[in-house]
Amino acid sequence: MGLAVQARFRTWNPIRVPRCSGNRNGGPSPAEEFAPLATKFQRRLLVGIGSASLVAFGANFGGITSFLLDLSPQSGRNLKLDVLYPIGGYSRCIDTKEGFEFIYPANWVGDQTILYRAAKKREMERSLDPPPLNVRRRSNINEPVVAFGPPGSTGELNVSVIVSPVAPDFSIEAFGGPDEVGEAVVRSITGSGQHPEVKGTLIKSSLREDSVRNAKYYELEFRVESPSFRRHNVSVCCARGGRLFTLNAQAPESDWPGLKSDFYRIANSFSLTI
């Protein structure tokens, strides 16, 4: 500015107790005497199964929770359960402070530098001592607030979100339609010709509108290359309340064919929550 367990379920059928009209003495048969006990046993067994399911749900034991949620993925996503358990191979990031959310491949991990910085900030906020006067909210407004990528990667493959302050009346629409916005973004990355060795190419652009939150998302796909690298990017830009939100997913051009669907899903899931 990417894991599930198969399970088999066996339907439990209660044992049918044969009914008799009575014994030779005219009293109830043994089957009739034990019928209430069988009913209680069945009820306790069903309660036990339900309780065990709740425990498994809470702990995602052996991936059972993710497997069950995969049976109805949209329902789980609507309830935001993918924040805790992967659904369909994706987890959800929700930043309640900045006000955005998106999904990312469940086997990706958070950037350790950003996680450490966030943990240290929370520790300072909990402290009873006043913060040092020389501590600023963020040393660089172009630093990502969140970033995810494959474990052990070099950073060439990742998704990140940057939130930058802009004028309260800032409007992306002022740049024009999606194509004009895309070209402006590419020019800003390549330095408007100041770095001739870096070239950018807009591949496609589109506008996604959210009538509920009255938000417009500019989705851009572009390529950036130089003598030392070739990267494929998918970005989403949105402005709200004096802040510019930019999600960017990037990958080496050679890895793009295998990551295309993941990147499109990431971009399409990005939305504001404020």
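**Salt bridges and cores**

Student: Which residue does E101 meet in a salt bridge?
Tutor: The two side chains come to 3.4 Å, N to O, in what is a predicted model. Side chains of opposite charge can pair when their charged atoms come close. Here the partner of E101 is R92.

Student: And are E101 and R92 buried or exposed?
Tutor: The cut-off to keep in mind is that buried means under 20% relative accessible area. Both E101 and R92 fall in that class, so call them buried.

Student: OK, how many salt bridges are there by this rule?
Tutor: The rule wants a side-chain nitrogen of Lys or Arg within 4 Å of a carboxyl oxygen of Asp or Glu. Going by that, the count is eight.

Student: How far apart in sequence are the parts that K204 and E221 tie together?
Tutor: K204 and E221 form a salt bridge, with their closest N and O atoms 4.0 Å apart. K204 sits in strand β6 (residues 199–210) and E221 in strand β7 (residues 215–226), so the pair links parts separated in sequence by 17 residues.

Student: Is E219 buried or exposed?
Tutor: R208 is buried, with a relative accessible area of 18%. E219 comes in at 17%, which is under 20%, so E219 is buried.

Student: Now the nonpolar side: which element gives the most residues to the largest core?
Tutor: That core has 28 residues, and F100, F102, V159, V161, F263 and F270 have the most contacts inside it. Elements giving two or more residues include β2 (100–105), β5 (158–165) and α6. With five residues, the top contributor is α6.

Student: Which helix holds S269, and what does S269 touch?
Tutor: S269 counts as buried, at 16% relative accessibility. Leaving out residues up to four places away in sequence, S269 touches E101, F102 and I103. The helix is α6.

Notes
Residues numbered from 1 in each chain as written. Predicted model: local features only at pLDDT ≥ 70, side-chain atom pairs only at ≥ 80, totals over all residues. Heavy atoms only, no water. Buried < 20%, exposed > 50% of the residue type's maximum accessible area, 1.4 Å probe, protein only. Helix = DSSP H or I, 4+ residues; strand = E, 2+ residues; numbered from the N terminus. Contact = heavy atoms within 4.5 Å. Core = buried A, V, L, I, M, F, W, Y, C linked by side-chain atoms within 4.5 Å.
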